[in-house]
Amino acid sequence: MAKAPQAQVCVPFLLLFLLSLAPAAVLGGCPSSCRCSFAMLQCLEANKMTSIPVLSPQESENVTEIYIENQGGLENLTLMDLAHYRELRNLTITSCKLRLISANAFQQNLKLQYVNLAFNSLEHISWRVFHFLPLLNLVLRDNPLVCSCDLHWLQQWQLTDRGDVNSQMLSCLSGDQYVPLSTLIIDNCSLPVVNIVSSQSKIQEGGNLTFECYVTGSPTPSVRWQTEELYSKFVIPKVNWSFTSELVLHLTNVSSRDNLHNLTCEAENQAGLGEDMVQLDIEFPVKILFFRDAVKHHNWCFPFAVDGNPEPTISWLYNSQEPKKSKFMYIQFMPDSGDGSVKHGCLNLNKPTHINNGNYTLIVQNKLGRDEATAFGLFMENPFGTFDPEGKIVSVAVGLALFACTFLLIMVLIINKCGQHSKFGLHRSSVLSTEDDLAVSLRFMNFGISPPSSEEDSGLSSFVENPQYFCGIIKEKDMCVQHIKRQDIVLKWELGEGAFGKVYLAECANLSCDSDRMLVAIKTLKDANESTRQDFQREAELLTVLQHQHIVRFYGVCTDGELLAMVFEYMRHGDLNRFLRAHGPDAHILEESKLPALGPLTLPQMLHIAAQIASGMVYLASLHFVHRDLATRNCLVGEHLVVKIGDFGMSRDIYSTDYYRVGGRTMLPIRWMPPESIMYRKFTTDSDIWSFGVVLWEIFTYGKQPWYQLSNSEAIECITQGRELERPRTCPNEVYVLMQGCWQREPQQRMVIKDIHSSLLTMVKNPPVYLDILG
């Protein structure tokens with residue numbers, strides 16, 4: 001009796017032991033009769049070697065090509081000759097006296113694609129030598145091959161056009177004449193044919209199974225069961241192959257860990273390899289392997305893994321109650337991980353708020369059993385602190401209901417008494433649809449503090465320059481920051497967190513004459529101390545001035561209570577960087593499929609995006625406004641591919657790798673900065689031009705990070721030394737010329753943003769013909 005997990009595989013250890021016995025002197029430098037480069041070993045001087053030179057490990061691990069010719073003493077090729085060349089892709093041994101290639105000669109060279117063994121003395125070549133290699137070309141011409149069953153595999157390669165052997169007009173020696181391999185008929189030579197017969201197709205865990213493996217073939221094949229990866233106990237009775245052509249396998253006390261395992265019986269002979277397999281179907285009670293607390297990925301995820309056969313049904317509870325069905329909460333299974341019947345997945349919550357904090361219970365069951373486990377989700381702290389708005393809502397609702405009932409009863413009595421008929425209309429405020437279950441009203445964020453009674457009281461009457469930006473004539477503007485009532489704002493869910501505080505999606509009333517409510521983005525202030533309040537105030541005043549179709553619109557502020565908030569227009573498709581990645585060639589790798597499926601962006605669409613950003617920058621430049629952090633992460637995308645410049649301050653957290661920390665707290669986007677900004681902290685409208693060139697590069701690389709192959713220090717060195725980003729593969733030359741015009745080292749030599757905008761508009765109307773797709 002044998003048990004597979006305890007089987008000792010000695011061959012790899014024996015191989016390492018044999019390699020360790022090689023004399024130290026052999027593992028030397030390049031032989032004098034050969035030429036060695038970083039990736040190639042070439043030996044052309046005749047009759048100077050009897051085996052493949054063995055370089056030092058540091059040298060051999062880089063070799064991808066070996067070329068050897070005219071070596072009369074080179075007769076054998078074994079595993080020891082090539083074991084150190086694991087990166088080998090091309091091998092040429094020609095015009096030598098090579099007679100024998102061992103079956104495992106290329107066992108360590110799994111990347112081989114080209115093998116040329118022409119003009120040697122090979123008579124027999126086993127199928128075992130090449131069958132596992134991904135060869136594109138195998139050259140065997142001008143070898144004295146002997147017609148035998150050993151060449152059956154070569155005939156099959158000819159028939160299937162594998163390795164390009166069909167073009168070589170190969171022949172073999174039969175008696176005293178050569179016979180074309182394509183017409184050769186080999187007697188008593190056929191591949192093994194394997195057939196597995198099972199006693200039953202399905203069994204429960206702990207039962208017994210029997211499999212019979214029947215084999216035919218000539219010469220008589222050797223047969224084995226592949227049992228190395230079995231967890232169940234097994235028995236293979238000894239057989240006398242003189243009297244039988246079958247091999248029996250008994251599985252006893254079968255383990256659930258073998259469910260869906262492909263049980264294989266293989267046979268081989270001189271002609272080649274044959275095999276058959278059967279998939280084990282073992283039923284067992286469902287069990288939860290793990291169910292972990294929520295972690296934040298693209299959405300919030302409770303990771304879990306379950307195993308069971310038959311396949312289990314999966315349900316879940318929230319705080320011991322069955323949750324309402326919603327598109328915001330769903331189960332997503334991961335692709336097959338090759339882990340048998342184990343199902344890996346996530347209980348996903350799409351942008352949950354503090355309302356969704358609590359215990360989540362996973363319940364799984366099949367006909368043989370049931371299991372459950374509980375995990376905890378803490379998605380965000382309660383923005384209302386210890387104050388409970390839901391309890392307040394219930395109390396107010398109950399009070400209003402009692403008042404309404406009393407009022408109606410009195411009115412009915414009056415009507416009946418007076419004999420008069422009145423018609424009452426019931427008016428109710430507009431409410432959100434059922435998909436807005438996560439909404440929370442901001443009216444409960446007052447914390448008992450009265451709102452300012454006037455603009456003077458609010459402290460927002462005077463303009464103070466925002467230190468983050470450079471401003472000129474803006475100070476002369478007469479601005480008035482609009483104040484939005486807290487009861488007009490209803491939070492939906494959290495969008496992210498930035499330098500100031502959290503950003504929420506919300507609905508806001510009384511902003512537009514066209515609709516009662518509209519979606520907005522709310523940026524809140526995290527630490528309401530005096531310093532941050534002043535920064536918050538200055539930014540609000542500054543944003544009030546900026547009114548342009550390609551600048552994210554600022555509606556106003558809400559200052560009722562302690563929690564301050566800014567209200568912006570909501571751009572549905574989020575930041576431009578993520579949008580570009582979701583519509584690029586690597587979207588399936590980045591798992592950005594949740595974003596709208598417009599397909600790959602076309603050249604006109606990319607030009608349209610760039611022109612809109614340029615339009616916004618023309619406007620900012622006209623106000624002598626310096627952005628300092630222009631990048632695709634700080635641009636937002638709305639409906640119909642509308643793009644606007646806007647930064648909620650979230651990018652330094654979400655895109656932290658785009659920033660370089662200086663002096664502890666200062667974060668600089670050095671990959672978007674020109675040399676004068678990096679070296680001297682000088683920011684002007686000309687430095688924004690440089691950044692716009694990098695934005696163009698981002699657009700035409702579908703959101704790649706500039707200098708992504710370099711560290712921050714290396715990127716700084718490249719920029720300050722005058723190196724430029726390479727032209728993207730999808731970028732027309734006309735656009736790359738614009739990029740280079742933005743990247744002039746001298747600020748005054750850079751293109752003017754108006755000219756860039758004009759050029760892009762021209763290209764939008766007449767897109768350049770771009771054929772150089774390989775760059």
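The notes below cover the model's basis, a set of strands and some salt bridges.

## Basis of the model

This is a predicted model, in which local features need pLDDT of at least 70 and side-chain atom pairs count only at pLDDT 80 or more, while totals for chains, interfaces and linings use all residues. Residues are numbered from 1 along each chain as its sequence is written, and side-chain values use heavy atoms, with hydrogens and water left out.

Let's start with strand β18, residues 262-268, where five of the seven residues are buried (under 20% relative accessible area with a 1.4 Å probe, protein chains only; exposed is over 50%, partly exposed in between). Strands here are DSSP runs of E, at least two residues long, and helices are H or I runs of at least four, numbered from the N terminus. Strands pair if DSSP finds at least two bridges between them.

Seven bridges join β18 to antiparallel β19, residues 273-279; one of the bridge pairs is Glu-268 with Leu-273.

## Salt bridges

The whole structure holds 16 salt bridges (a side-chain nitrogen of Lys or Arg within 4 Å of a carboxyl oxygen of Asp or Glu). Glu-539 and Lys-523 form one of them, at 3.0 Å between the closest N and O atoms. Glu-539 lies in helix α7 and Lys-523 in strand β31, so this pair ties together parts 16 residues apart in sequence. Both Glu-539 and Lys-523 are buried.
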